[in-house]
Amino acid sequence: MAGGIKTLAKETAIYGISSIVGKFLNWLLTPLWSYVLVSQAQMGVISNLYGWTALIIVILTYGMETGLFRFANKNEENPHTVYSTTLISIGTTTLVFLLFVILFLKPITGITGSPDIKSHYVLIMAIILSMDAFCSIPFAWLRYQKRPLRFAFIKVLFVVLNITFNLFFFVVCPWLAKRYPDSFAWFNLENGVDYVLISNLLATFIQSMFLIPQLRVKYTFDKALLKRMLKYSLPLLILGIAGILNQTIDKIVFPWLYPDKANAMTQLGIYSACFKIAVIMVMFTQAFRYAFEPFIFAKNKEAANNKVAYADATKYFILFGLLIFLGVMGYLDVIKYLIKSTYHEGLIVVPIVMMGELFFGIYFNLSLWYKLTDQTKWGAYLSLIGLAVTIGINVAFIPRFGYLACAWASFFANLLMMSISYYLGQKNYPIDYDLKAIGSFFGLALMLFAVMTFSRFVIPAIGLRLIINTLLIGIYLWRVIKKELPLREIPVIGKYFQHK
């Protein structure tokens, strides 16, 4: 048992670290694009296309990754038959999708709702999506085979290649074009979206080549097995669509709902660039889960104390998230230069989106109750409720308030899902969360944020503001350490603070 837990912890660390590193490296592309793309509208086009991509990839895989794990681990099923049947199914539907896009390219392009989206953009994205959807099954097979190192290597390789190709097109090519104009007559920064998509296409293709060994299997197709898998997986598709739409629906519908069609992509580009700053919250909270949660649970190994561990993990997650919120807002005067100044008018959305992402992280922690009580249907219900709120606010307020409505839609949807999940969780799987401490730190963080915001209006000197904000963050951190997190209990560094 101990060996199994050790192996699980090791694999979780590999998957988690590679995921965080990959997302962080990929996140760095947004600052690059903000400086090299010739207009905010191009950033808006990219954001819109990738919003569609996130939705379509969920549809193209239709829950079969999870189905593969479920059926490959059944004693009565042959894992290799499950894998080959899944590959054939996904391969067939993906091919049909690609042919459909090719045949109806112009009408499909029109669905995006923007004249800035060109047909060849849609075609390139369809090819990328087809490769990604098919490759999702070999990736799942690697996880089933417990090969986390190969899985992580290929995933990170894709990100590194994507960044490398972007740097080639946006940094190396302009330099070469100045020195060798005849050889680089083909290069034009006006085609920035093309270069972004081509970089993605090349990286995806190379990634696919590294998965060829996972395709060398004896192919058998079990129609009856596929029917059972689809019965299991298709409900997951509904949940997946609702979940991904909660995150991307604003980027998809914005061109339809914004009244000034000629300016829609520019506004979306500004929102998307500033939204990426707020995504710092997501990356740091993921890092918390992988680095600190094991420590919390290790302190409460006894079964009787499981609920104490869950409550502590949630409390420290919130305290850590509030610290990240204050850190970003306190140094926003510096962080904002990660993106070009032409995008800075959208920085107003950063605190709104960051707090919304914190609510979603809390909701994720609270979702433990329906997983432990086998009432996972509530995950679907809550996602659908959140989606309804998101769509409602976007439809009602984007025409009047633009991208500010998108930020508030995410905020209120996540707040509502978090609140309902807490209420239902206390009825079905009561956990004694330290609401007094959580509430006091929320209040302190919001008060400190209010002071930071006020100082931005009354203190013109950036240096002085940064000093004041550093002191304010220090107050919060001191309070956390004093009340909730004695330094001697922190992993690694705690040994330096033990009582003599």
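Start with the whole protein chain in cartoon view: this predicted model has 21 helices and 0 strands. Now colour the chain by burial. Of its 500 residues, 51% count as buried.

**Stop 1: helix α9**

Select residues 192-210, which make up helix α9.

Next, show the side chains on the buried side of the story. The buried residues of α9 include G192, V193, D194, Y195, V196 and L197. Further along the helix, S199, N200, A203, T204, Q207 and S208 are buried too. What do these buried residues pack against? Show α2 (29-36), α3 (40-61), α7 (119-144) and α8 (148-179), and you have their packing partners.

While you are here, a handy idea about helices: an α-helix has 3.6 residues a turn, so residues three or four places apart point the same way.

**Stop 2: a nonpolar patch**

Keep the surface on and select F153, F205, M209, F210 and I212. Together they form a nonpolar patch on the surface, with about 440 Å² of accessible area. Helix α9 gives the largest share of this patch, 3 residues.

Click on F210, which has its place in helix α9.

**Stop 3: T85 in helix α5**

Move to residues 79-103, helix α5, and pick out T85. Its relative accessible area is 0%, which means that T85 is buried. Which residues touch T85, once its neighbours within four places in sequence are left aside? Select T220, F221, D222, L225 and L226 to see these contacts.

**Stop 4: two cysteines**

Finish with C274 and C406. C274 counts as buried because its relative accessibility is 0%. C406 has a relative accessible area of 1%, so C406 is buried as well. A disulfide is a covalent bond between the sulfur atoms of two cysteines. How many disulfides does the structure hold? Search the model and you will find 0.

How values were computed
Residues are numbered from 1 along each chain as its sequence is written. This is a predicted model: local features need pLDDT of at least 70, side-chain atom pairs count only at pLDDT 80 or more; totals for chains, interfaces and linings use all residues. Side-chain values use heavy atoms; hydrogens and water are left out. Patches are made of residues with over 30% relative accessible area and no salt bridge: like charges are joined within 9 Å, nonpolar side chains (Val, Leu, Ile, Met, Phe, Trp, Tyr) within 5 Å. Accessible areas come from the Shrake-Rupley method with a 1.4 Å probe; for residues, only the protein chains shown count as cover. A salt bridge is a side-chain nitrogen of Lys or Arg within 4 Å of a carboxyl oxygen of Asp or Glu. Helices (H or I, at least four residues) and strands (E, at least two) are DSSP runs, numbered from the N terminus. Buried means under 20% relative accessible area, exposed over 50%, partly exposed in between (1.4 Å probe, protein chains only). Contact means heavy atoms within 4.5 Å. A disulfide is a pair of cysteine sulfur atoms within 2.5 Å.
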